[in-house]
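Here are my notes for your first look at this fold. Keep the structure open as you read, and check each point against it.

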Amino acid sequence: MKFLRIFCVAVALAAPPLTSHAHGGEDHGDAAAPAPVASAAPRAQAQSEDFELVAEVQGQGQALVLFLDRFDSNAPVVGAQVEVDSGGPPTMAAETVPGVYRVAAGPWTQPGHHALTVSVQAGDTADLLSATLDVPAAAPLAVGSPATTKRSLWALAGALALAALGGFTWLRRRTSTSS
């Protein structure tokens, strides 16, 4: 029984170094570094003497959401007529909540630089806002390198073999002591 405890402790101490992987900030090969992944949605902003605008691509490029407020008070602009021109025919934006306007799919679904011209008519105030929306190309998903995966599989196989050997030895000792 004492042998089994010693064996289990030895396997537990030996297993983590066998399955450990390299971590960031170190060069462990000739593989190219993965491209950084942007976690925020593509955005553009514009302002004038009367309005502030933030445009954000949402729904994986299926909608352009415009957050519109007054420049002097930061109050949302409610009930405005907002028209977006991005190189094609101008599109009217629909107000979803106070100060938030939505435009269905447009050219911003494609990666690249998109010049936006937003026309705002709110009461007796009218303005034209210009912004550039940069939509990055989709980054490929990072997958573990084959060498790392192969090393992990070998480490797992070695740990299983040691566990099987320990179990076999324990059973053999047990049967030899009881006879």
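1. Start with glutamate 83. Its opposite number in strand 5 is methionine 92. The model is a predicted one, so read each pairing as part of a prediction.

2. Now look at the strands around that pair. Strand 4 covers residues 81-85 and strand 5 covers residues 91-97. They pair in the antiparallel sense, over three bridges.

3. Move to strand 1 and strand 2. Strand 1 spans residues 43-47, and strand 2 spans residues 51-58. The two run antiparallel and are joined by five bridges. A hairpin of three residues links strand 1 to strand 2.

4. Follow strand 2 across to strand 3. Strand 3 is made of residues 63-70. Eight bridges hold this antiparallel pair together.

5. How many strands does the open sheet have, and in what order do they come? There are eight, in the order 1-2-3-6-5-4-7-8, and the pairing is antiparallel. Strand 1 and strand 8 (125-135) stand at the edges. Each has a single partner strand, so one side of each has no neighbour in the sheet. From one strand to the next, the twist averages 25°.

6. A general point for tracing side chains: in a regular strand, they alternate between the two faces of the sheet.

Notes:
Residues are numbered from 1 along each chain as its sequence is written. This is a predicted model: local features need pLDDT of at least 70, side-chain atom pairs count only at pLDDT 80 or more; totals for chains, interfaces and linings use all residues. Side-chain values use heavy atoms; hydrogens and water are left out. Two strands pair if DSSP finds at least two bridges between them. Helices (H or I, at least four residues) and strands (E, at least two) are DSSP runs, numbered from the N terminus. Axes are lines fitted to C-alpha atoms, for helices over the stretch in contact, and angles run from 0 to 180 degrees between N-to-C directions.
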